[in-house]
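Hello,

Please have a look at it below, and then read on for what turned up.

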Amino acid sequence: MTSPGFRPTHVVPGQGMPAWDAPDPARPTVPLDPLLPVQLEERRGDWAYVLCANGWSAWVDGRHLVAVPQDPPAPDSPLTRAADPRPLLARADETLARYRAAVEELAGGGLDGEAFRGRTRGLRIGVVVDGEHMWLYDAQHGRWVYADGTRLNTYATDDGPQADGPQADGPQAGGHAPTQVVTRDGT
């Protein structure tokens, strides 16, 4: 039974995970079940204190928790050709059809394992549909997008966080190059 006011922020990884009574590896407790929804309450370095859907709480290695997407971003612009979800859906459909054809050929004996791997190499799609909400992986641009049926908004990218301002190899915000280590001989 879920506790009142419980809103999961993460889930336990698919293989489950160990848990502790305190942020101390010497005090283990019962491990958490795979895919158990949890709400992150506190962080201490890599330790995370979580409230479980059943009201139980424990400390876990927070690095292994799987984040649950929060509410999708609200569409803030009118539909444009670039934001139309149909081309991305068509690419996902084509990729799935190519994979399905390779599976059929493998199952029918027309492909061996190596040929199947070659035929499916580079194929990548991701689609999550939950009622009117949809998340699509755009492999061409390395990003997840959220669609509400009429618009796409970037939700997450494969790239890591980008700092605002100048590039790392250019001048810093203060107008000078980053500090460099110089040896005694000047190199």
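**What was found**

Tyr 99 sits in helix H1, which covers residues 85-107; helices (H or I, at least four residues) and strands (E, at least two) are DSSP runs, numbered from the N terminus. Before going further, please note that this is a predicted model, in which local features need pLDDT of at least 70, side-chain atom pairs count only at pLDDT 80 or more, and totals for chains, interfaces and linings use all residues. Residues are numbered from 1 along each chain as its sequence is written, and side-chain values use heavy atoms, with hydrogens and water left out.

**A surface patch**

Tyr 99 is partly exposed, because its relative accessibility is 39%; the class lies between buried (under 20% relative accessible area) and exposed (over 50%), with a 1.4 Å probe and protein chains only. Together with Leu 96, Val 103 and Ile 125, Tyr 99 forms a nonpolar patch on the surface, with about 300 Å² of accessible area in total. Patches are made of residues with over 30% relative accessible area and no salt bridge; nonpolar side chains (Val, Leu, Ile, Met, Phe, Trp, Tyr) are joined within 5 Å and like charges within 9 Å. The areas come from the Shrake-Rupley method with a 1.4 Å probe, and for residues only the protein chains shown count as cover.

**Aromatic pairs**

The whole structure has four aromatic pairs. Rings of Phe, Tyr and Trp (its six-membered ring) pair if their centres lie within 6.5 Å; planes under 30 degrees apart count as stacked, over 60 as edge-to-face and the rest as tilted. One of the four pairs is Trp 20 with Trp 47: the ring centres are 5.0 Å apart and the planes are at 85°, so the pair is edge-to-face. This pair links distant parts of the chain, 27 residues apart, with Trp 20 in the loop between strand E1 (10-11) and strand E2 (37-44), and Trp 47 in strand E3 (residues 47-52). Both Trp 20 and Trp 47 are buried.

Trp 135 and Tyr 146 make a tilted pair, because their planes are at 55°, with centres 5.4 Å apart. Trp 135 is in strand E7 (residues 133-138) and Tyr 146 in strand E8 (residues 143-147), so parts 11 residues apart in sequence are tied together. Trp 135 and Tyr 146 are buried too.

**An open sheet**

Five strands form an open sheet in the order E4-E3-E2-E1-E5, and the pairing is antiparallel. Strand E4 (57-61) and strand E5 (66-67) are the edge strands, each pairing on one side only. Strands pair if DSSP finds at least two bridges between them, and E1 and E5 are joined by two. Val 11 faces Val 66 in E5.

**Salt bridges**

There are eight salt bridges in the structure, each a side-chain nitrogen of Lys or Arg within 4 Å of a carboxyl oxygen of Asp or Glu. Among them, Arg 44 and Glu 42 have their closest N and O atoms 2.8 Å apart. Arg 44 is partly exposed at 45%, as is Glu 42 at 30%.

Glu 114 and Arg 117 also meet in a salt bridge, at 3.2 Å from N to O. These two are about one helical turn apart, because they are three residues apart in helix H2 (residues 113-120). Another salt bridge joins Asp 138 to Arg 143, at 3.1 Å between the closest N and O atoms, and Asp 138 is buried, with 2% relative accessibility. Finally, salt bridges link Asp 46, Asp 61 and Arg 63 in a network.

Best wishes
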